[in-house]
Amino acid sequence: MSINDNLFVIIMASAIFYGTPLVFASLGELLAERSGVLNLGVEGMMLLGAVAAAWVSTNVDGPAIVVLPLAIVAAMIAAGLGASIHAFLTITLRVNQIISGLALTIFAGAAGLSSYLAGIWQLGQTPVKQQFGKIDVLGLSGVPVVGPILFHQTLLTYLSWVLVIAASFYLFRTRAGLHLRAVGESPQTADSVGISVSRYRYFHVIFGGSFAGIAGACFSLMIVPTWVDGMTAGQGWIALALVIFGFWRPDLTLLGAYLFGALSSLGLTLQARGIHISTALLSALPYVMTIVVLVIVSNTASRKQLGAPAALGKPYEREER
Amino acid sequence: MSRFGFRLEPRSYLPKWLPWAVPVGSFLAALLVGAIVLFATGQNALSVYGRILDRAFLSEGAFTGTLISATPLLFTGLCAAVAFRIGFFNIGGEGQFVMGAIFGSGIALKLGVDAPGIVSVAAMVVFGAVGGGLWGLIPGILKARFRTNEIITSLMLNYVAAVIATYLIFDSNSFWRELTGSGAVFPKGKILPTGSWWPNLDFGSIVVPFGFVLGMVIAAWLYVLQRKTRFGFEMRVVGGAPTTARYAGMKPARIVVAVAALSGALAGIGGAADIGNFRHVLDPKGLQQSGFGYAGIVVAALARLNPVAVVFVAVLLGGITNAGYALRGPDFPSGLVGVLQGLILFCTLGGEVLARYRITRSVRTPMNASALESA
């Protein structure tokens, strides 16, 4: 038995595989929250992305190198459109962000628009035609331990790494990132130095939402890979929790996502090894852990102010200045 | 001055007709947008709406089915309305509903066939409330004690509750699971003894499930509680101005915990009612698919957190849900119920803003403004 059949290696590799959609979704939510807008519509936007990507992959003929990027773009547009409803309601009309986000999830989610469209388009009866398979990067997949974990993933995983690095650089090393953080911390101050609060918020809510679309595409093109009603199975909500316990930082959020990937794949992996354990109870672990971590974080966070944008959840009304 | 060419100005006074016109107008707007969606995807909107109306309210026995669908929405709607009123965003109605169903069905099975019906039904109400209440207490205590965000914790508990229900029926030989007959082959729950099935009140042409009547009574009680009692007054102060509440010597943390438990208990009774009136068995998959907890938030928001209005909104949305069940099939688009609920909520949220504010064209400079006024 090779070292790469080791239980640890398998769990780590599948942690990254199953954690990938969480990386995209929480990174997008992080951008929106950094601008001061909480979007509880992640689950709904993910499903919109998943259905759009499944449609492109099923109905567009062509080589994978054309169809798959097109599917990702379609997923981003679909989810971005969903996010723009939330942006309009919360930024322009200053509606309560919590209720608007929930409305988006109900509208687009498992019993909503995504399954409506899938029904009309008759998706889900066959696997999608083109999907993201694991690739062998530079022939390194056979390297002991790190090979299967780091060099034998799908292109979407590598894309997520690029985006995490880009987002970290953007947030902490560029002028626009500084402006974004200012808008999230103190919109009045940002406004007074000429930064357009609503423009920043619109852009990051919609752009962040489009990341949730990629997360959905991860399900319909990589993990499942076909359309199933409500296939994201609550991962959109996990993404919201990940932003909090990644302290609104892309790198920590990525680690959190992989931790969850590991927990949610643990049951399947153990069962495949013949180790008997209740899959139902094991699948509750990530949720219980979110609560535990959240309690720990919120206790210290309230004292040390670990990164939560001060204006998160509050509409900005210029007239009140 | 807004970049989008208009701005929102608070209205100086609200016309009397406005509070009524907004929900009605929003509802019609949602139907219109829904019709556009249907039309754009090649469906005949008029025929779809006609069938929904028929199967929700008009056809033989339809209204009874609507009330059955409305009952869980009524309870989860009250659950959200009470909690949101004090700014405690409990979106765990889903999980509290499931825990109520587990506790409620558990006591009915425990009491068995020998218990008088009235005892069984009363015990189900109490145990449902306890199950949901305990589940609601968790985010409440975490919020009050550690300031943990209740949105995420209550949400996570939804999944944990769903997992527990699944575990009881599919993954263990629990007390709830039927282990004889076909249940030995296909996992399913024990059917409740018929004595514990909740009664239906027959009013001639329509039959009203007992759960719905109970929900109406509780809604009225909540209305009185919020408007006429000291506790209700404290709720309103904590919800509106937490700092004031603290200065006035109230204990916001204690009120948060109490309301969290109350809110959970309401959803829990809903779970017991759903089993007592309708399912008669603990059915994890059915509970999960129906998503009553989330829909309850829609109900509460549409009812503007008013417990009495929750009753009417629950009947309206229950009608759409009931028609969705009845019409489910190849020629009825799946997912339409969620689309319509979402649209109604979007339009109401937008509509309320239009009611509270006036939209005015943004004007570039004060000089122009005065020029316009004099014109």
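Leu134(B) is partly exposed, at a relative accessible area of 45%; here buried stands for under 20% relative accessible area, exposed for over 50%, and partly exposed for what falls in between (1.4 Å probe, protein chains only). The residue sits in helix H5 of chain B, which covers residues 117-146. Helices are DSSP runs (H or I, at least four residues), numbered from the N terminus. Leu134(B) also belongs to a nonpolar surface patch, together with Val126(B), Phe127(B) and Val130(B), and the four share about 330 Å² of accessible area. Patch members have over 30% relative accessible area and no salt bridge; nonpolar side chains (Val, Leu, Ile, Met, Phe, Trp, Tyr) are joined within 5 Å, and like charges within 9 Å. The areas come from the Shrake-Rupley method with a 1.4 Å probe, and for residues only the protein chains shown count as cover. An α-helix has 3.6 residues a turn, so residues three or four places apart point the same way.

A word on the model itself: it is predicted, with local features needing pLDDT of at least 70 and side-chain atom pairs counted only at pLDDT 80 or more, while totals for chains, interfaces and linings use all residues. Residues are numbered from 1 along each chain as its sequence is written, chains are lettered from A and ligands numbered from 1 in the order in which they are written, and side-chain values use heavy atoms, leaving out hydrogens and water.

Now to where the two chains meet. On the chain A side 53 residues are in contact with 49 residues of chain B, contact being heavy atoms within 4.5 Å. About 4300 Å² is buried between them, and carbon and sulfur atoms give 77% of that; buried area is the accessible area (1.4 Å probe) that two parts lose on being put together, summed over both. What about charged pairs: how many salt bridges does the rule find across the interface of chain A and chain B? The count is zero, where a salt bridge takes a side-chain nitrogen of Lys or Arg within 4 Å of a carboxyl oxygen of Asp or Glu. Polar contacts do turn up across the interface of chain A and chain B, in three residue pairs, with both residues at pLDDT 80 or more. Such a contact is a pair of N or O atoms within 3.5 Å; within protein, one must be able to donate a hydrogen and the other to accept it, and residues adjacent in sequence count only if both atoms are side-chain atoms. The chain A elements that give two or more residues to the side touching chain B include helix H3 (64-92), helix H10 (197-223) and helix H13 (279-304). H13(A) supplies the largest share of that side, with 14 residues.

Over all chains, a search of the whole structure finds seven salt bridges. Side chains of opposite charge can pair when their charged atoms come close. One of the seven joins Glu150(B) to Lys143(B), with the closest N and O atoms 3.0 Å apart. Glu150(B) is buried at 4% relative accessible area, whereas Lys143(B) is partly exposed at 28%. Arg279(B) has two partners: Asp274(B), at 2.7 Å between the closest N and O atoms, and Asp283(B), at 3.9 Å, N to O. These shared partners join Asp274(B), Arg279(B) and Asp283(B) into one network. Asp274(B) and Arg279(B) are both buried, with Arg279(B) at 17% relative accessibility, but Asp283(B) is partly exposed at 26%.

Further along chain B, helix H12 (residues 292-302) is mostly covered, with 11 of its 11 residues buried. Among them are Phe292(B), Tyr294(B), Ile297(B) and Leu302(B). Just after H12(B) comes Arg304(B), with a positive phi of about 50° although it is not a glycine. Arg304(B) lies in the loop between H12 and helix H13 (307-327) of chain B and is partly exposed, at 40% relative accessible area.

Chain A has a residue of this kind too: Val145(A), not a glycine, has a positive phi near 60°. Val145(A) is in the loop between H5 and helix H6 (146-150) of chain A, and is partly exposed at 27% relative accessible area.

Thr226(A), in the loop between H10 and H11 of chain A, is buried at 14% relative accessibility. A polar atom of the Thr226(A) side chain lies 2.8 Å from the backbone oxygen of Thr126(A). Leaving aside residues up to four places away in sequence, Thr226(A) touches Gly124(A), Thr126(A), Pro127(A), Val128(A), Ser220(A) and Met231(A).
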